[in-house]
Amino acid sequence: MRKRDFLELLKETMGMEEDLEEEMLLENIEEYDSLAVLSLMAMYDELGVNVIPKDFRKLKRVKELVALAGENLSDE
Amino acid sequence: MAKVCFDRAQISAIATTVGDRKLSIDDEKEKFGFDDNSLRRLKKTIGLNSRYVVSEGVCTSDLCYQSAIDIFRRLGIDKKDVEALLFVTQSPDYRAPSTAIIMQERLGLSVDTLAYDINLGCSGFVYGLFTAFSFIQSGLKKVLLLVGDVASSLTGKSDKTLAPLMGDAGSAILIDRVENQKSYFVMHSDGSGYQHLIIPGGACRRPYLRPLLTEDRDIEDISLRSDMDMYMNGGEIFNFSIKVVPKLFQELFEFAGVTEKEIDYFVLHQPNKYILQNISKRLALGEEKIPSKTASVFGNQNSASIPGTINGFLYENFSNLKLKNIFAGFGIGLSWGACYVETNTIYTPQVKTFDRRYYNWSGS
């Protein structure tokens, strides 16, 4: 998956209307709450990425959500 | 590994009683402090809608009593034939003794009855059924299994992370001895996750009430909750559920030698619509085979959620058809288990709400 498709998937998973930028701070994203974390965990699980709730607490920016997808992302 | 096959036990009846007060999430919006946007998302994603809870003072045993009396009357059971009474609950009448023993007298069973409680929640129906089937395999002829919780009394009243999910229900299940009826059970436990779903206070490790204000980053709100109330780390429990349940089904398919196509119903514990949708997606099961509405109508019924789903939504087919079923429970402990059980036109009335006439207990 290309990075911009993954950003779109993140946006959809969190039920956002606004586009996501990699540098955005998660704490400024209103939709990034406990419910979004459940949806994100389900999304990563389907990609075969094992994340636990604790992992989300350390994240600061959208680019770190992107980095979690690891090998699922291809070069542009 | 705890994998067991039985060939002597069958379920003859399942009845469920729920609390008499129906609460709608729209009416509870202010109590929990939900704004319009979060309420809309909770309804859409988690499936919050309504739940049935008891009136003050009604216990799980009262709900189970009504369910058991229904079965005894309808099937004309001679009470002296019941040899064992099991009560699976986390909301007993007292910390001690076992409520099952009190229920022996209340239900008018013989003093020759074996009776005790089993402390389990979401996985409790499967474990209770396993224990009942074990008794039958060991030679007993008739076992009464009671399961359920008044889960609304286990949570902080204003804890919006947990209270809006919980419903109250008590079921009774009658198990009889027959010739040659195979069933298969697979069970697991993982104590490393005990702190993710817990009532920490009130027992020996933390015996006294110590009110505390908990800020939980996972849940992103502040809820007033005491040590005597249930705490849940929703993210951990969700993660656990979507990981272990699909694997559990694969184990059971292999052990029982059945395929997904042969199964009429997958009746799972019903924490909420979202978890069930995620599990059914991973198993690629059709919605008609894996009911997921129970929590949205009745609330999370803990150990009564599997019988609650049968009496709530599947009672006609369970009453009229021969069915191949998989039941699976998963949650607090952490504990999980599944079984393959066939049923043949058993007594399964539609779920009833609690009738105060059954609250005739003269105990303290």
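Predicted model: local features only at pLDDT ≥ 70, side-chain atom pairs only at ≥ 80, totals over all residues.
Chain A has an average pLDDT of 89, and 97% of its residues score at least 70. Within chain A, the mean confidence is lowest in α3(A), at 86, and highest in α4(A), at 93.

Chain B contains ten helices and 17 strands. Its radius of gyration is 19 Å, close to the 21 Å given by the globule rule for 364 residues, so chain B is as compact as a globular protein of that length. Along the principal axes, the C-alpha atoms of chain B fill a box of roughly 55 × 50 × 35 Å. Of the 364 residues in chain B, 51% are buried. When contacts in chain B between residues at least 6 apart in sequence are considered, 79% join residues at least 24 apart.

Strand β2 of chain B, residues 9-18, is mostly covered, with nine of its ten residues buried. Two pairings of β2(B) can be described. With β8(B), the pairing is antiparallel and extends over nine bridges; within it, B:Q10 has B:D176 as its bridge partner. With strand β17 of chain B, residues 352-353, β2(B) runs parallel and is joined by two bridges. In this second pairing, B:V18 stands opposite B:T353.

B:P164 counts as buried because 22 other C-beta atoms lie within 10 Å, where the threshold for a buried residue is 20 or more. Apart from neighbours within four places in sequence, the residues in contact with B:P164 are B:I25, B:E28, B:F32 and B:L48. By contrast, B:G202 is 38 residues from B:P164 in sequence, and the C-alpha atoms of the two are 23 Å apart in space.

In chain A, helix α2 covers residues 34-46. At 1.5 Å a residue, its 13 residues should span 18 Å, and the end C-alpha atoms are 19 Å apart, which agrees. The buried residues of α2(A) are A:S34, A:L35, A:A36, A:V37, A:L38, A:S39, A:L40, A:M41 and A:Y44. These buried residues pack against elements of both chains. In chain A the elements are α1 (3-13), α3 (53-57) and α4 (62-68), while in chain B they are α2 (36-46), α6 (234-256) and α7 (273-283). Just after α2(A), A:G48 adopts a positive phi of about 85 degrees.

The interface between the chains brings twelve residues of chain A into contact with 15 residues of chain B. On the side of chain A that touches chain B, α2 and α3 of chain A each supply at least two residues. The most is given by α2(A), with seven residues. By residue class, this side of chain A divides into seven nonpolar, two polar and three charged residues.

Methods. Residues numbered from 1 in each chain as written. Chains lettered and ligands numbered in written order. Buried ≥ 20, exposed ≤ 12 C-beta atoms within 10 Å, placed from the backbone. Contact = placed C-beta atoms within 7 Å. Helix = DSSP H or I, 4+ residues; strand = E, 2+ residues; numbered from the N terminus. Expected span 1.5 Å × (residues − 1). Nonpolar A, V, L, I, M, F, W, Y, C, P; charged D, E, K, R; others polar. Pairing = 2+ DSSP bridges. pLDDT = per-residue confidence, 0-100. Rg over C-alpha atoms; globule rule 2.2 N^0.38 Å.
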